Amino acid sequence: MKKVLSFVLICCMAFGLAACGAEEKEDALVCTMEQSGMTFTMRMDAKGDKITNVEQETVVSTEGFTEDQIAQLQTATEDAAAAYEEVEGTEYSTEEGDGEIREVISIPVEDEDVLKAVIDKGLLPVDGENVTELSLEQTRESLEASGWTIEE
């Protein structure tokens, strides 16, 4: 009887510890890239290896831009805002000031419908078909191979 009770208690502790390990971790992966006067920062939250939310911030320095170039950039952000607005659950915002335009995109990829919609619209580049979740480790490897700097 003691052995059975001990076994049950050990199993309960093991399941309890496993459940604790699957808690959501904010900023589980933070990556940056600078390219052509733009700075990209991507933050991903995760439960275990499953990414639950992706937030990307892009800062574009407009110093030296002509009025036409700034207008083109504003049109591009308006187009992006309209595309993200079509996907329920995503958030998109822009801010202008101090010689820069800042864009912030938040995508709750834990929701399979949202994930499918942003992939189908080409708003989130993902390899493979019928993707139902994003792997934190595979995403880390892919971004690092693409030249992103991984913040530790």
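Biologist: Which side chain does Lys121 meet in a salt bridge?
Modeller: That's Glu86, at 2.5 Å from N to O. A salt bridge here is a side-chain nitrogen of Lys or Arg within 4 Å of a carboxyl oxygen of Asp or Glu. Keep in mind that this is a predicted model: local features need pLDDT of at least 70, side-chain atom pairs count only at pLDDT 80 or more, and totals for chains, interfaces and linings use all residues. Residues are numbered from 1 along each chain as its sequence is written, and side-chain values use heavy atoms, with hydrogens and water left out.

Biologist: Is Glu86 buried or exposed?
Modeller: Exposed, because its relative accessible area is 57%. Lys121 is partly exposed at 38%. The cut-offs are under 20% for buried, over 50% for exposed and partly exposed in between, using a 1.4 Å probe and protein chains only.

Biologist: How many salt bridges does the whole structure have?
Modeller: Six. One of them joins Asp120 and Lys116 at 2.8 Å, N to O. Both of these lie in helix 3, four residues apart, about one turn of the helix. There's also a network, where salt bridges with shared partners join Glu57, Glu100 and Arg102. Within it, Arg102 and Glu100 meet at 2.8 Å, N to O.

Biologist: Changing topic: which strand holds Ser106?
Modeller: Strand 5, residues 100–107. Ser106 counts as buried because its relative accessible area is 14%.

Biologist: Which side chain does the side chain of Ser106 make a polar contact with?
Modeller: The one of Asn53, at 3.5 Å. A polar contact is a pair of N or O atoms within 3.5 Å; within protein, one must be able to donate a hydrogen and the other to accept it, and residues adjacent in sequence count only if both atoms are side-chain atoms.

Biologist: And which residues of the largest nonpolar core touch the most other members?
Modeller: Met44, Ile51, Ile107, Val109 and Trp148, out of 27. Elements that give two or more residues to this core include strand 2 (38–47), strand 3 (50–61) and helix 4 (136–145). Such a core is a set of buried Ala, Val, Leu, Ile, Met, Phe, Trp, Tyr and Cys residues joined through side-chain atoms within 4.5 Å.

Biologist: What is Val109 in contact with?
Modeller: Leaving aside neighbours within four places in sequence, Val109 is in contact with Ile51, Thr52, Asn53, Val54, Leu115, Leu124 and Leu134. Contact means heavy atoms within 4.5 Å.

Biologist: Last one, where does Glu151 sit?
Modeller: In strand 6, residues 149–151. Glu151 is partly exposed, with a relative accessible area of 39%. Not counting residues up to four places away in sequence, Glu151 touches Val30 and Thr32. With Thr32, the side chains make a polar contact at 3.1 Å. The C-alpha atoms of Glu151 and Ala28 are separated by 9.9 Å, and these two are 123 residues apart along the chain.
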